[in-house]
Amino acid sequence: MEPSLRIYNTMSRKKEVFEPLNPPLVGLYVCGPTVYGEPHLGHARSAITFDLLFRYLRHLGYKVRYVRNITDVGHLESDADEGDDKIGKKARLEQLEPMEVAQLYQNSYHFHMDALNVLRPSIEPKASGHIQEQIEKTQRILDKGYAYVSGGSVYFDVERYQQDHHYGKLSGRDIDELRSNTRQLDGQDLKRNSFDFALWKQAAPEHIMRWNSPWSQGFPGWHIECSAMSAKYLGERFDIHGGGLDLLFPHHECEIAQSVAANGQEAVRYWMHNNMITINGQKMGKSLGNFITLEQFATGEHPALAQAYDPMTIRFFMLQAHYRSTLDFSNEALQAAEKGLARLLAAAQTLRKLRPAERSSQDLQALRLACQQALDDDLNTPIAIANLFEISKFINSVHNGQATISAEDLAELAPWFDTLLFEVLGLRAENAADHKGKVLDGVLDLLLRLRLEAKQNRDFATSDRIRDALAALGVQVKDRKDGFEWELS
Ligand code: ZN
C-alpha cells in the first residue's frame, strides 16, 4: 500500500507520512468518555474526529483495530489526585449503584453517538473490568524503581523518572515550571512531590468503588487505565493515540511516562489531538451556563439554542472545521451547516438523474483529486467539503442543461460521490421512515383538500367516497367549520 496520508503528530509538532508498524493493520487507541454525566458537544467533537480517522483509514484499505475506553472508575474531582470519585459521588447523590450510574451515561453516550453516525470501536474496554491489568502495570513500574508506596497508595516518582527520561516531552511542560506552579506539599501529603501522580489510591472509608491490591483496598489512578488497556489490546507499541487537546496534560504525559517506565520504550508512534469547542467565543463550562448536552441539541431546550438541531447538522458543522482548529458554536453557524448539508444531499439525489453527453464540460478528475488530497493532508475536511460543493454546483448545472458530463465521468462520479459523502464523511440522508412519513402526510392533506372542494361543489358522492375509503384505512376524518381534522383510529 502506497502511504498517502500525512498526519500531524503532536509529539514531533509536524505533519508526518503515516506508515503503520504492521501494515495493513493499524492500532488506534482513543481516550473515550468518563461516564458520570450526559454527553455534550465536546464529546461529539472528539468522537467525530476519530470516527473520521477510522473511516478514512479503512477507506485507504487499512484494517483498523480501534480501541476506545470507557472511564468508569478512578476519575477524581481534581487532577491533584484528591477529592471524590466522580461516579461514586453521583451514585451517592442519586442513590444508585456506581455501576448503575456508569451504565446510564454509557447508554446515553452510545445513543447519541449512534445518532451522530459515529461507528462503534472494535473494542470498548472499561477501566473497572481491567483492574488486574492496572495492578500488574503498577507493580512493573514499582519494580523498575519509578514509583513508591506511601500510606497504602502508589505514586509515580516524576523526579526519579526525569533522571533517565524526559517528563513533559509531549506537552512541552518543564519540571521546574511544574514545581513552581503546583501547590506546595503541606507535610500531611503522601506524595514526595506535588507533581507526582497516583497509580493506585487507598480508598477512604466512605469510598464505594474499591478493589483488593498488594498495597491496600483501593482503586487505580486515572492515567494507568489507558496504558494498561492499550498495551493489552494493541501491544506495547502501536500506531496512533488520539484524544481531546484537554487530555494532553497531565493525562497523556502521564501515559507516556508510565509506558516508558514499565517497558523502556514509548508505546505510541503518532499522537493526535482534536481542538476544543467554544460557544460564542467562550469556553464551554457548567459554571458559565453555556454547557449544552447533545440531548438539549436534539430537543432545542436550552436558552442558548434558537431551535432543535438534527445530529447530522452537528456532524456536518464539525466536519466543516479542521479538527485541529477551535470551533465556535453559534446558532447562525449551525443553521448555515443545516443548509449546506441539505445542498450536498440534494446533489447526491440529483446525480442519480443525470443523463450523459458526448463530453464533460469541466475537469472532474481534478476536483476529485483535490478532495482526496485534502483528506490525505491531515484530514483537511473543510477543503474536501469545499470541493464537494464545487462538484454539487456542477451536478446542478448538468441537471439544468448548463453543463455536460460524459458517460465515463458519470459512471465514476456517482459511486465516488456517495462513498465520500456517506462512508468517509459519515453523513446520512434523512432517515427513510421519516421521509416517507412526511410524503404521506402531504398526500393525505391533498386528498382531504380535494374532498373539501367536492363537498363545496355539492359533489357528495365523491366526498363520501373519499371519507369512507380513508375510514377503511383507519383514518378518521372530522369536518370542522374551518376545514377538517384527521386522526388515526
Ligand atoms: Zn486516556
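Histidine 110 counts as buried, at 10% relative accessibility (buried means under 20% relative accessible area, exposed over 50%, partly exposed in between, with a 1.4 Å probe and protein chains only). Histidine 110 is found in helix α3, residues 98-115. Leaving aside residues up to four places away in sequence, histidine 110 touches Arg120 and Glu124 (contact means heavy atoms within 4.5 Å).

This is a predicted model: local features need pLDDT of at least 70, side-chain atom pairs count only at pLDDT 80 or more, and totals for chains, interfaces and linings use all residues. Residues are numbered from 1 along each chain as its sequence is written, and side-chain values use heavy atoms, with hydrogens and water left out.

**Overall layout**

- The chain has 16 helices and 17 strands. Helices (H or I, at least four residues) and strands (E, at least two) are DSSP runs, numbered from the N terminus.
- The C-alpha trace spans about 95 × 60 × 35 Å along its principal axes.
- Of the 489 residues in the chain, 51% are buried.
- Among contacts with a separation of 6 or more, 73% are between residues 24 or more positions apart.
- The domain assignment gives domain 1 (6-274), domain 2 (279-428) and domain 3 (432-488). Such bounds come from an automatic or database domain assignment.
- The centres of domain 2 and domain 3, taken over C-alpha atoms, are separated by 38 Å.

**Zinc site**

- Cys31 (SG), Cys226 (SG) and His251 (NE2) coordinate the zinc ion at 2.0 to 2.1 Å. Donors are N, O and S atoms within 2.8 Å of the metal (3.2 Å for Na, K and Ca); water is not among the atoms, so sites may look incomplete.
- Along the chain, the zinc donors follow the spacing C-x194-C-x24-H.
- Cysteine 31 lies in the loop between β3 (25-30) and α1 (41-59), and cysteine 226 in helix α7 (residues 224-234), so the pair ties together parts that are 195 residues apart in sequence.
- Cysteine 31 and cysteine 226 are both buried.

**Strand pairing**

- β3 and strand β4 (residues 63-68) run parallel and are joined by six bridges. Two strands pair if DSSP finds at least two bridges between them.
- From β3 the chain crosses through α1 to β4, and this β-α-β crossover is right-handed. Right-handed means that, with the strands pointing away from the viewer, the path from the first strand over the helix to the second runs clockwise.
- Leucine 25 stands opposite lysine 63 in β4.
- An open sheet of three strands has the order β14-β13-β15, with mixed pairing. Its edge strands are β14 (282-283) and β15 (327-329), each pairing on one side only.
- Strand β13 (residues 277-279) pairs with β15 in the parallel sense, over three bridges.
- Isoleucine 279 has phenylalanine 329 in β15 as its bridge partner.

**Helix α13**

- Helix α13 (residues 381-399) has 19 residues. From first C-alpha to last, α13 reaches 26 Å, close to the 27 Å expected at 1.5 Å a residue. The expected span is 1.5 Å times one less than the number of residues.
- The buried residues of α13 include Ala384, Ile385, Leu388, Phe389, Ile391, Ile395 and Val398.
- An α-helix has 3.6 residues a turn, so residues three or four places apart point the same way.
- The cover over the buried residues of α13 includes α1, α10 (311-319), α11 (331-351), α12 (364-376) and α14 (407-424).

**Backbone exceptions**

- Most residues other than glycine have a negative phi, and most peptide bonds are trans.
- The bond from proline 23 to proline 24 is cis, with omega near 5°. Proline 24 is placed in the loop between β2 (14-17) and β3.
- The bond from phenylalanine 249 to proline 250 is also cis, with omega near 5°. Proline 250 lies in helix α8 (residues 248-263).
- Asparagine 117 has a positive phi, near 60°. Asparagine 117 sits in the loop between α3 and α4 (131-143), and counts as buried at 14% relative accessibility.
- Arginine 458 has a positive phi, near 60°. The place of arginine 458 is the loop between α15 (432-456) and α16 (460-472). At 64% relative accessibility, arginine 458 counts as exposed.
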